[in-house]
Amino acid sequence: MEPASIHSTTLPALVALGDQTAFTQLFLQYRDRVYTTAYRVTESTMEAEEIVQDVFMKIWTIREELPGIINLEAYIFTIARNLTFNALKRLLRERERTGAMPTDGAPAISPEAESNAREFMVVLRQAIDQLPPQQKQVYLLTKEEELTKAQVAERMGISPNTVKSHYDAAVRTIRTYCATYRKLSPLLFLIL
């Protein structure tokens, strides 16, 4: 079967079964858009390429879950957003730790991207800090510890629906707070 002949509604089911041709088609379908998004935020070809690889490695790892995902495109870009955000945090931590520009072969981001990312991190931290305690805890467990909603519910002793409500409210509040900082790059809002 040619990759182009696989229908998009059967694609997740075929990938879930381990079909390499279907996975190749999925990769080809989303690769360029994931790369472009990652590059626009990091301004680093190396980081963008790594993010693309990591996104599709993760998709392959969790492939059995794909048929249950309602909006596959949104799911892929959520993974890409999280990995892009993590890459920015890692690059900034490394820069702060060493106090130097990356050496040849090391990931690099432009000074403008670094400045935007630093400013965004400050604004994001301020937004998170002003959340009500339970919303803040749910948000941090979900985003920083990467726990599932079920894991957060178990850890906090609340229902998964309550976790979802707290998380959704936290994200709305954070987006509203960050939107007041208009000089921040609109691309950084992709990672919210």
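## Starting at T21

T21 is partly exposed, since its relative accessible area comes to 28%. This threonine belongs to helix α2. Looking along the chain, L11 sits 10 residues away from T21, and the two C-alpha atoms are separated by 9.5 Å.

## The model as a whole

This is a predicted model, so a word on confidence. The chain has an average pLDDT of 80, and 80% of its residues reach at least 70.

Read from the N terminus, the order is simply α-α-α-α-α-α-α-α. The chain has 192 residues, and 40% of them count as buried. If you take the contacts with a separation of 6 or more, 60% come from residues 24 or more positions apart.

## How α2 meets α3

Two packed helices are described by the angle between their axes and the distance between the axes. For helix α2 (residues 20–42) and helix α3 (residues 45–61), the axes come within 8 Å and cross at roughly 145°. That crossing is right-handed.

On the α2 side, the contact is made by Q20, F23, L26, F27, Y30, R31, V34, Y35, A38, Y39 and T42. Their partners in α3 are T45, E47, A48, E49, I51, V52, V55, F56, I59 and W60. Sorted by class, this α2 and α3 contact holds 15 nonpolar, three polar and three charged residues.

## How α2 meets α4

Helix α2 also packs with helix α4 (residues 72–98), at an angle of about 35° and with the axes 10 Å apart. The crossing of α2 and α4 is right-handed.

Here α2 contributes L26, Y30, R33, V34, T37, A38, V41 and T42. Across from them, α4 brings L72, E73, I76, F77, A80, T84 and L88. The class count for the α2 and α4 contact is 10 nonpolar, three polar and two charged residues.

## The buried side of α7

Which residues of helix α7 are buried? In this helix, spanning residues 149–156, they are V152, A153 and M156. These three sit on the same side of α7 because they cover an arc of only 100° around the axis. What do the buried residues of α7 pack against? Their neighbours are α6 (133–143) and α8 (160–179).

Just after α7 comes G157, which takes a positive phi of about 70°.

## On to α8

P160 is found in helix α8.

Technical notes: Residues are numbered from 1 along each chain as its sequence is written. This is a predicted model: local features need pLDDT of at least 70, side-chain atom pairs count only at pLDDT 80 or more; totals for chains, interfaces and linings use all residues. Side-chain values use heavy atoms; hydrogens and water are left out. pLDDT is the predictor's confidence in each residue, from 0 to 100. Axes are lines fitted to C-alpha atoms, for helices over the stretch in contact, and angles run from 0 to 180 degrees between N-to-C directions. Helices (H or I, at least four residues) and strands (E, at least two) are DSSP runs, numbered from the N terminus. A crossing is left-handed if the near helix is turned anticlockwise from the far one by less than a right angle, and right-handed if clockwise. Contact means heavy atoms within 4.5 Å. Ala, Val, Leu, Ile, Met, Phe, Trp, Tyr, Cys and Pro count as nonpolar, Asp, Glu, Lys and Arg as charged, and the others, Gly among them, as polar. Buried means under 20% relative accessible area, exposed over 50%, partly exposed in between (1.4 Å probe, protein chains only). The arc is that of the directions from the helix axis to the C-beta atoms.
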